[in-house]
Amino acid sequence: MPTYEVKSIAAVVGGHTRVQDDYQGGVESIIRLDDAYPLETLQGIEEFSHLTVTWRFHLARPEDVQLHARSPRGNQNWPATGTFVHRNHRRPNQLAVSYPRLLKVEGRDLLVTDLDAVDGTPVIDLAPYFEQMGPQGPIRQPAWPGEMLEPNYWAKASERPSARPL
């Protein structure tokens with residue numbers, strides 16, 4: 001298989017300070033574009049409500065990759081599913097895609113909320129979210145992703161039971 005070298009174009013500044021499974025909502029962070037890119041590469045982005053952000057699980061280690069079926073979050077109530085059915089750092093390239101809400105643009109800084117990456121995360125790519133390029137047709141999925149994510153994934157971080165600061 002071919003390999004590809006990619007360089008980060010930006011970094012996450014602020015926001016979440018530790019990796020966590022849930023309570024991702026309501027936290028503001030900055031996606032700071034690298035100085036190597038001219039400001040005009042962001043021209044017009046403020047017209048969009050959401051971004052498509054590709055980022056790397058930079059705190060993960062290569063040995064975290066798991067190439068076998070397993071139950072999500074180790075919960076035996078959910079079926080064992082393969083590596084490419086999970087959306088976490090245990091996949092081979094340890095990449096993620098998120099769709100944060102864009103609040104404001106100030107120079108190279110894109111102020112966003114609801115980005116489930118932590119401070120210092122390298123951003124591999126970003127683009128505005130185009131509604132017309134989203135999923136087409138009915139969306140189908142088994143019950144377990146909703147059971148796993150619906151109650152708490154986008155709950156406000158300030159409501160996390162431990163009440164520890166992020």
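Tutor: Rings of Phe, Tyr and Trp (its six-membered ring) pair if their centres lie within 6.5 Å; planes under 30 degrees apart are stacked, over 60 edge-to-face, and the rest tilted. By this rule there are three aromatic pairs. F48 and F130 form one that is stacked, at 5.6 Å centre to centre and 25 degrees between the planes. This pair links distant parts of the chain, 82 residues apart. F48 sits in the loop between strand 2 (28-33) and strand 3 (51-56), F130 in the loop between strand 7 (122-128) and helix 1 (144-149). Helices (H or I, at least four residues) and strands (E, at least two) are DSSP runs, numbered from the N terminus.

The model is predicted: local features need pLDDT of at least 70, side-chain atom pairs pLDDT 80 or more, while totals for chains, interfaces and linings use all residues. Residues are numbered from 1 along each chain, and side-chain values use heavy atoms, without hydrogens or water.

Now exposure. Buried means under 20% relative accessible area, exposed over 50%, partly exposed in between (1.4 Å probe, protein chains only). F48 is partly exposed because its relative accessibility is 30%. F130 is partly exposed too, at 39%.

Y99 lies in the loop between strand 4 (95-98) and strand 5 (101-106). Its 45% relative accessibility makes Y99 partly exposed.

The UniProt record (unreviewed entry) annotates residues 6-138 as "domain: TsaA-like"; such annotations may be inferred rather than shown by experiment. Over residues 6-138 the chain is 0% helix and 29% strand, with end C-alpha atoms 34 Å apart.
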